[in-house]
Amino acid sequence: MKTAQQAATDFADRTADFAKNNEQHLDRVGKASMVMGGALVAGLAIAVKSAMEFDSALAQVRASTHETEANMDLLREAAINAGADTAFSATEAAQAIDELAKAGVSTKDVLSGGLSGALSLAAAGGLEVAKAAEIAATA
């Protein structure tokens with residue numbers, strides 16, 4: 001019984017010595033872990049915010065177009081693709097779709113080049129995407 005007690009005491013002593021001798025290193029590891037955790041949380045928050053903004057922009061498109069679920073899926077895909085293929089985000093592309101729809105451009109025309117034309121105009125003219133879409137729709 002004494003041997004088990006002595007082993008536990010020795011282990012506790014060694015652990016305390018290790019912690020004391022490596023206090024600065026353990027402190028640095030703890031601080032680095034907190035920074036990394038904070039960066040991870042911040043990145044996650046940005047991703048969630050972006051997704052919410054995109055969904056909000058698509059809700060505006062739905063309100064402006066009164067489109068079917070199938071056509072909304074096509075518009076969603078077009079906005080995501082435009083966000084991947086251009087300097088603009090998917091949210092900005094969705095806002096352009098909304099402006100085109102408000103100006104009376106049909107979903108078919110948006111998908112057949114109206115969106116890409118509006119985004120090209122925005123890029124070439126240094127305009128906000130919504131303004132470029134408005135100009136493209138009325139040109």
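Author: A polar contact is a pair of N or O atoms within 3.5 Å; within protein, one atom must be able to donate a hydrogen and the other to accept it. Please bear in mind that the model is predicted. With that term in hand, consider serine 112, whose side chain reaches the backbone oxygen of lysine 108 at 2.7 Å. This distance lies within the limit of 3.5 Å. Serine 112 belongs to helix 5, which covers residues 107-125. Is serine 112 buried or exposed? Its relative accessible area is 59%, and since the cut-off for exposed is over 50%, serine 112 counts as exposed.

Helix 5 also contains threonine 107, and here the accessibility is of another kind: threonine 107 has a relative accessibility of 11% and counts as buried. Which residues does threonine 107 touch, once its neighbours within four places in sequence are left aside? They are Glu67, Asn71 and Leu75.

The axes of helix 3 and helix 5 come within 11 Å and cross at roughly 15°. Angles under 35 degrees count as roughly parallel, and helix 3 and helix 5 are therefore roughly parallel to each other. Their crossing is right-handed.

Helix 3 has a further partner in helix 4. What angle do helix 3 and helix 4 make? They pack at about 130°, with their axes 7 Å apart. That angle makes helix 3 and helix 4 oblique to each other, and their crossing, too, is right-handed. Leu75, Ala79, Ile80, Ala82 and Gly83 of helix 3 here meet Ala90, Ala93, Ala94 and Ile97 of helix 4.

In general, side chains of opposite charge can pair when their charged atoms come close. How many salt bridges are counted in the model? The count comes to five. One of them joins aspartate 55 and arginine 76, with 3.3 Å from N to O. Aspartate 55 lies in helix 2 (residues 23-65) and arginine 76 in helix 3 (residues 69-85), so this pair ties together parts that are 21 residues apart in sequence. Both partners are partly exposed: the relative accessibility is 41% for aspartate 55 and 33% for arginine 76. Another salt bridge links arginine 62 with glutamate 69, where the closest N and O atoms are 3.1 Å apart. Arginine 62 is likewise partly exposed, at 34%.

Within helix 4 (residues 90-102), lysine 102 and aspartate 98 are four residues apart, and about one helical turn separates them. Their side chains form a salt bridge at 3.3 Å, N to O. The two ends of this pair contrast in accessibility: lysine 102 is exposed at 53%, whereas aspartate 98 is buried at 5%. Salt bridges with shared partners join Asp98, Glu99 and Lys102 into one network.

Histidine 66 is found in the loop between helix 2 and helix 3, and it is exposed, with a relative accessible area of 68%. Most residues other than glycine have a negative phi. Histidine 66, although it is not a glycine, has a positive phi of about 55°.

Finally, the chain as a whole provides the setting. Its secondary structure comes to six helices and zero strands. The chain has 139 residues, of which 22% are buried. Among contacts with a separation of 6 or more, 52% come from residues 24 or more positions apart.

Definitions and conventions. Residues are numbered from 1 along each chain as its sequence is written. This is a predicted model: local features need pLDDT of at least 70, side-chain atom pairs count only at pLDDT 80 or more; totals for chains, interfaces and linings use all residues. Side-chain values use heavy atoms; hydrogens and water are left out. Helices (H or I, at least four residues) and strands (E, at least two) are DSSP runs, numbered from the N terminus. Buried means under 20% relative accessible area, exposed over 50%, partly exposed in between (1.4 Å probe, protein chains only). A salt bridge is a side-chain nitrogen of Lys or Arg within 4 Å of a carboxyl oxygen of Asp or Glu. Axes are lines fitted to C-alpha atoms, for helices over the stretch in contact, and angles run from 0 to 180 degrees between N-to-C directions. Angles under 35 degrees count as roughly parallel, over 145 as roughly antiparallel, 65 to 115 as roughly perpendicular and the rest as oblique. A crossing is left-handed if the near helix is turned anticlockwise from the far one by less than a right angle, and right-handed if clockwise. Contact means heavy atoms within 4.5 Å.
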